[in-house]
Amino acid sequence: MITYLKKLLWDETAFERFGRAIVFGIGQAMQQGLLPTGDKGWYVGIVMQALALAVGAGDKNKPA
């Protein structure tokens with residue numbers, strides 16, 4: 001269990017995963033109106049959520 005938690009929190013992709021989660025959470029808060037963003041907050045929140053999902057959508061295969 002300890003090995004699993006260490007790999008989950010401190011492997012080479014942890015920064016990317018945490019960054020994506022933070023951007024997605026901020027986007028969700030904007031969409032729900034929890035952050036004061038004005039009239040277009042819901043739209044910007046959706047765009048931020050899509051951006052968070054697109055960050056990890058690249059090709060992960062190593063070049064041959």
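From the N terminus on, the elements of the protein chain run α-α-α. That comes to 3 helices and 0 strands. The model is predicted. Of the chain's 64 residues, 12% count as buried.

**Overall contacts**
- Some contacts in the protein chain have a separation of 6 or more, and 33% of these join residues 24 or more positions apart.
- The structure holds 0 aromatic pairs.

**Where α1 meets α2**
- Helix α1 covers residues 2-10, and helix α2 covers residues 14-32.
- How are two packed helices described? The angle between their axes and the distance between the axes are used.
- For α1 and α2, the angle is about 70 degrees and the axes are 6 Å apart.
- That angle makes α1 roughly perpendicular to α2, because angles of 65 to 115 degrees count as roughly perpendicular.
- Which residues make the contact? Helix α1 brings K7, L8, L9 and W10. Helix α2 brings A14, R17 and F18.
- By class, this contact of α1 with α2 has 5 nonpolar and 2 charged residues, with no polar ones.

**A charge over a ring**
- R17 is one of the α2 residues in that contact, and so is F18.
- Where does R17 lie relative to F18? R17 lies over the face of F18, at 5.9 Å from the ring centre.

**A29, in helix α2**
- A29 has its place in helix α2.
- Is A29 buried or exposed? A29 counts as buried, because its relative accessibility is 16% and the cut-off for buried is under 20%.
- Leaving aside neighbours within four places in sequence, A29 is in contact with L34 and L35.
- A29 and G45 are 16 residues apart in sequence. In space they are 7.3 Å apart, C-alpha to C-alpha.

**Q49, in helix α3**
- Helix α3 covers residues 41-55, and Q49 is found in this helix.
- Why does Q49 count as buried? Its relative accessible area is 11%, and buried means under 20%.
- Which residues does Q49 touch, leaving aside its neighbours within four places in sequence? Q49 is in contact with F24, G27, Q28 and Q31.

How values were computed. Residues are numbered from 1 along each chain as its sequence is written. This is a predicted model: local features need pLDDT of at least 70, side-chain atom pairs count only at pLDDT 80 or more; totals for chains, interfaces and linings use all residues. Side-chain values use heavy atoms; hydrogens and water are left out. Axes are lines fitted to C-alpha atoms, for helices over the stretch in contact, and angles run from 0 to 180 degrees between N-to-C directions. Helices (H or I, at least four residues) and strands (E, at least two) are DSSP runs, numbered from the N terminus. Angles under 35 degrees count as roughly parallel, over 145 as roughly antiparallel, 65 to 115 as roughly perpendicular and the rest as oblique. Contact means heavy atoms within 4.5 Å. Ala, Val, Leu, Ile, Met, Phe, Trp, Tyr, Cys and Pro count as nonpolar, Asp, Glu, Lys and Arg as charged, and the others, Gly among them, as polar. Rings of Phe, Tyr and Trp (its six-membered ring) pair if their centres lie within 6.5 Å; planes under 30 degrees apart count as stacked, over 60 as edge-to-face and the rest as tilted. A charge sits over a ring if NZ of Lys or CZ of Arg is within 6 Å of the ring centre and within 35 degrees of the ring normal. Buried means under 20% relative accessible area, exposed over 50%, partly exposed in between (1.4 Å probe, protein chains only).
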